[in-house]
Amino acid sequence: MLSIQNLTVAVDTKTILNGLTLAVPNGEVHAIMGPNGAGKSTLGYALAGRPNYSVTGGTATFNGEDLLDKGVHERAAAGLYLSFQYPLEIPGVPALTFLRTALNAQRKLRGEDEVSAPDFLRRVREVAKSLKIDMDMLKRPLNVGFSGGEKKRMEVLQMAMLEPKFLILDETDSGLDIDALKVVSDGVNALRSSDRGMLVITHYQRLLDHIKPDKVHVLVAGRIVKSGGPELALELEARGYDEYLGVAA
Amino acid sequence: MAAVKETIDTVAKLETYEHGFVTDIEMEFAPKGLNADIVRFISAKKNEPAWMLEMRLAAFERWLTMEEPDWAKVNYTRVNYQDLYYYAAPRKKAGPKSLDEIDPEILKTYEKLGIPLKEQMVLAGVEGAPKYAVDAVFDSVSVITTFKDELKKSGVIFCSISEALREHPDLVRQYLGSVVPVSDNYFAALNAAVFSDGSFVYVPPGVRCPMELSTYFRINAENTGQFERTLIIADKGAYVSYLEGCTAPQRDENQLHAAVVELVALEDANIKYSTVQNWYPGDAEGKGGIYNFVTKRADCRGARSKVSWTQVETGSAVTWKYPSCILRGDDSVGEFYSIAVTNGAQQADTGTKMIHLGKNTRSRIISKGVSAGRSSNTYRGLVSAHAKATGARNFTQCDSLLIGKTCAAHTVPYVEADTAKAQFEHEATTTRLSEDQLFYAMQRGLSQEEAVALLVNGFVRDVLQELPMEFAVEAQKLVAISLEGSVG
């Protein structure tokens, strides 16, 4: 269970999250929706430990462990995976090298053995196939010159390989055409399991047609102003956020 | 991939300059200071032919009239040339005939440096095993050259320059100083006057040298300048790949290293020269460290000859070094691949000169500068085409990577064409190691140092690929180690 209590986060000196409380039990998928500037991405970054996103109040725990006192890579090794809205390009580092280095770094932190090269390659081949990623693309530097859709598929490939316990998907649908959206969503859905939680951050309801949430939360001005079932997303799609903007102010 | 892992392991293990130990051996020194008598002393110690002494004395006379260059973008306390020892040698009897005759302390040093001399000897008899003939230069003197006999079978001469002066004086006389004349520059003149040892390679016509040749240079003694001289000749159609590695102990005072390397490639010959330079860089405040003032030049004398310089420069307090190619033969090719990493208070002013004299000559320059800490890293390069060099082509790419906010990177390209029929291209980029990339890699499980190592190794990848495989791994580790503590 990811449990967030009264979380306050400032970027530089500006407070972005302002007493956010949220709980995502293992096995559930929760969606966070909200207008631009509400703090959706900030929530993902703060949980992942991005520098300059300072937690000024509140707590966040994962399966009872304090997340906030851990370093970025330790949170990753504890099972937290953030799928970036804009995945970074890593020049000169082939995707396969990056992935294997990351996987082994996490395993080392957890006190596990390194994955052997043949095992690693076998698994990558399977996952790449399911995501319609050509193995040749994995020999190229990670994300360099990749299209928006290819980058998002690479994010899903990485999560499938790293097998995190909790996923945060930040605007995973942005920049995807219908076909790519389907491939990416199928990839994410394949990772749904009773011991894995997910937080899906999105502007649009359309992603939730593909990745069906158990709960939907409305984030406005740094806090959750309403929570409900999947039907809440449809409601928001029809009526917009106007009625909540007053609530938050 | 394994290399990256090894990089990471090594970084985790090491906290400081790895080669900062001093070996305790009995040394023989020439008196401190520099004058014509010292030059004579060195020459006499080496039983050199008379012409060599004359050349040394001429160089010394010339040096006295020259000024230390100050155009490079480096600041340092000038060397007091009268306060240095110009000759320091491990005390020994006649030249060692086998490893058993070498001071075991020296062997221990080389073992620490990861040069398995003994293993090499054992391997000599094993078919198919990878082989590297090693010449080890300790302070001023070459202590041992391995695989000499095996090389001799193919006609390759690989020995110390002192030995070459005794055994092959005509060859040495023909080529020594023909690429870097004694009057070339201040440090080259000094080197010509007092050089004490170095390596000599001759590959006869049509011979492909059967193994990698390498020399390890080690400065050990205090207040000692190291002036080695390397001369490599690839005769018509010959091929040789040569690698040099350098380390020094950690000392508070600066030490001078002023080497000269001359390469001669005759028709259709091919020389690949790689350097992994890890001299002691001084401490974080800039105290101590090696002054690396080196002149390296190749003469592509014959048609269709090719010389390729690859350097990984991570050490030295101050670097002043421009491995160059004179593309004299028609259709000759020069290449320069460089990684220069500076951290702490290091200063590097390095690059290359590609001088196109022959027709349809081609050159390629790929330079990757990485600066961190308060260091300064300058690429300085000249590409020129003589009026007769029609069809000359050059491609230059200079990339600089900055880590942190207190370092500097400079690119100073000189391009001169005296013919309209030359085609020169220059590309340059400067980027900062991005916080976002670091965060991204760390979110996937890498620690900050692992992330820096991975990103920097990605940045220099094009050049690492040019190194012989085994050394690429070593170089990758070095780059990571040199950048320890450079972020955050």
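## Helix α3 of chain A

Because 11 of the 15 residues of α3(A) are buried, this helix is largely enclosed by the rest of the structure, where a residue is buried if 20 or more other C-beta atoms, placed from the backbone, lie within 10 Å of its own. The buried residues include F98(A), L99(A), R100(A) and N104(A). Helix α3(A) covers residues 95-109 and reaches 21 Å from its first C-alpha to its last, close to the 21 Å expected at 1.5 Å a residue, the expected span being 1.5 Å times one less than the number of residues. Just after α3(A), G111(A) takes a positive phi of about 75 degrees.

## Basis of the model

This is a predicted model, in which local features need pLDDT of at least 70 and side-chain atom pairs count only at pLDDT 80 or more, while totals for chains, interfaces and linings use all residues. Residues are numbered from 1 along each chain as its sequence is written, and chains are lettered from A in the order in which they are written.

## Chain A as a whole

The secondary structure of chain A comes to 10 helices and 10 strands, these being DSSP runs (helices H or I, at least four residues; strands E, at least two) numbered from the N terminus. Buried residues make up 43% of the 249 residues in chain A, and the C-alpha atoms of the chain fill a box of roughly 55 × 40 × 35 Å along the principal axes.

## Contact with chain B

In this model, 20 residues of chain B are in contact with 25 residues of chain A, contact meaning that the C-beta atoms, placed from the backbone, lie within 7 Å. The largest share of the chain B side, seven residues, comes from α10(B).

Terms used:
A residue is buried if 20 or more other C-beta atoms lie within 10 Å of its own, exposed if 12 or fewer, and partly exposed in between; C-beta atoms are placed from the backbone. Two residues are in contact if their C-beta atoms, placed from the backbone, lie within 7 Å.
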